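Please keep the sequence and the model in view while reading the points below.

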Amino acid sequence: NEENPIQIREGFLKKISTQLDMKQLGAHTVSTLTKHLDIQKAGIVIFEKKNASVLYTLLKNIEKEHLSIRDLLQVIYFWDTVGHSTVLVRDEIEGKIEKDNRIARIFAFMKKNGIYVILPLNRKVQLNGVLLLGPKGDRSPYTLEDIEFLESIMINASMAFGRAILYKEVQEFNISLQEKVNEQTKELQVKVKELEEARSFISRYGQYCN
């Protein structure tokens, strides 16, 4: 029996509930979505919160050389103005390209890369990121049920990614802190050694200095 969307989502939640590795999270997310909807082309790109540099990328059958980061950022900036709950479906935005230059650029980007749907990662967990999806295997349009399934998966994936990023930041902070402690410990050890050498010198030759 084929699993229904609710069963798939529950299985996905179990897989990611304790996962803190971003590569594993990305693999689980893309695998779950592409398998259920029979999609051969998919990708996840996450940007740093404080700047436009790429923090994480996973691409399946999408050419990285052809994927413009600038175009992806245009999508992020578009969402900043229209709301981050907006799912971009190629078939739906095609009729709006003459009315909005931003949509025209996004549509051109989607068409060039064979992307049919772009979903945002949940901004409530302070993530700047996108999910890119190609056509379904049977080339049928994405239905409302498909989009609802994708959104439910991405809400949970976004929270997991946010948790993994926070864990990574804490690890990096701990490493940096440990390096500073090690550096200061070495400096202290040098000073202690110098002090011991000075004391030894005074105890040996101090009497001749009087």
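Leu-177 is partly exposed, with a relative accessible area of 41%; buried means under 20% relative accessible area, exposed over 50%, and partly exposed in between, with a 1.4 Å probe and protein chains only. The model is a predicted one, in which local features need pLDDT of at least 70 and side-chain atom pairs count only at pLDDT 80 or more, while totals for chains, interfaces and linings use all residues. Residues are numbered from 1 along each chain as its sequence is written, and side-chain values use heavy atoms, with hydrogens and water left out.

**Surface patch around Leu-177**

- Leu-177 lies in helix H6, which covers residues 144–209; helices (H or I, at least four residues) and strands (E, at least two) are DSSP runs, numbered from the N terminus.
- Together, Phe-173, Leu-177 and Val-181 make a nonpolar surface patch of about 280 Å².
- Patches are made of residues with over 30% relative accessible area and no salt bridge, where like charges are joined within 9 Å and nonpolar side chains (Val, Leu, Ile, Met, Phe, Trp, Tyr) within 5 Å.
- Accessible areas come from the Shrake-Rupley method with a 1.4 Å probe, and for residues only the protein chains shown count as cover.

**Overall form**

- The protein chain has 6 helices and 5 strands, and their pattern along the sequence is α-α-β-β-α-β-α-α-β-β-α.
- The radius of gyration of the protein chain is 26 Å, well over the 17 Å given by the globule rule for 210 residues, so the chain is more spread out than a compact globule.
- That radius is taken over C-alpha atoms, and the globule rule is 2.2 Å times the number of residues to the power 0.38.
- Along its principal axes, the C-alpha trace of the protein chain spans about 100 × 45 × 30 Å.
- Of the 210 residues in the protein chain, 37% count as buried.
- The accessible surface of the protein chain is about 13,500 Å², and 51% of it belongs to carbon and sulfur atoms.
- Among contacts between residues at least 6 apart in sequence, 62% join residues at least 24 apart; contact means heavy atoms within 4.5 Å.

**Salt bridges**

- The structure holds 2 salt bridges, each being a side-chain nitrogen of Lys or Arg within 4 Å of a carboxyl oxygen of Asp or Glu.
- Asp-146 and Lys-136 form a salt bridge at 2.7 Å, N to O.
- This pair links distant parts of the chain, 10 residues apart: Asp-146 is in helix H6, and Lys-136 is in the loop between strand S5 (128–133) and H6.
- Asp-146 counts as buried at 10% relative accessibility, and Lys-136 is buried with a relative accessible area of 10%.
- Arg-102 forms a salt bridge with Asp-100, with the closest N and O atoms 3.1 Å apart.
- Arg-102 is partly exposed at 31% relative accessible area, whereas Asp-100 counts as buried at 18%.

**A buried arginine**

- Arg-90 is found in helix H4 (residues 90–93).
- Arg-90 is buried yet has no salt bridge, and the nearest side chain of opposite charge, Asp-91, is 5.3 Å away.
- Lys and Arg count as positive and Asp and Glu as negative, while His and the chain ends are not counted.
- Leaving aside neighbours within four places in sequence, Arg-90 is in contact with Phe-107, Met-110, Lys-111, Gly-114, Ile-115 and Tyr-116.
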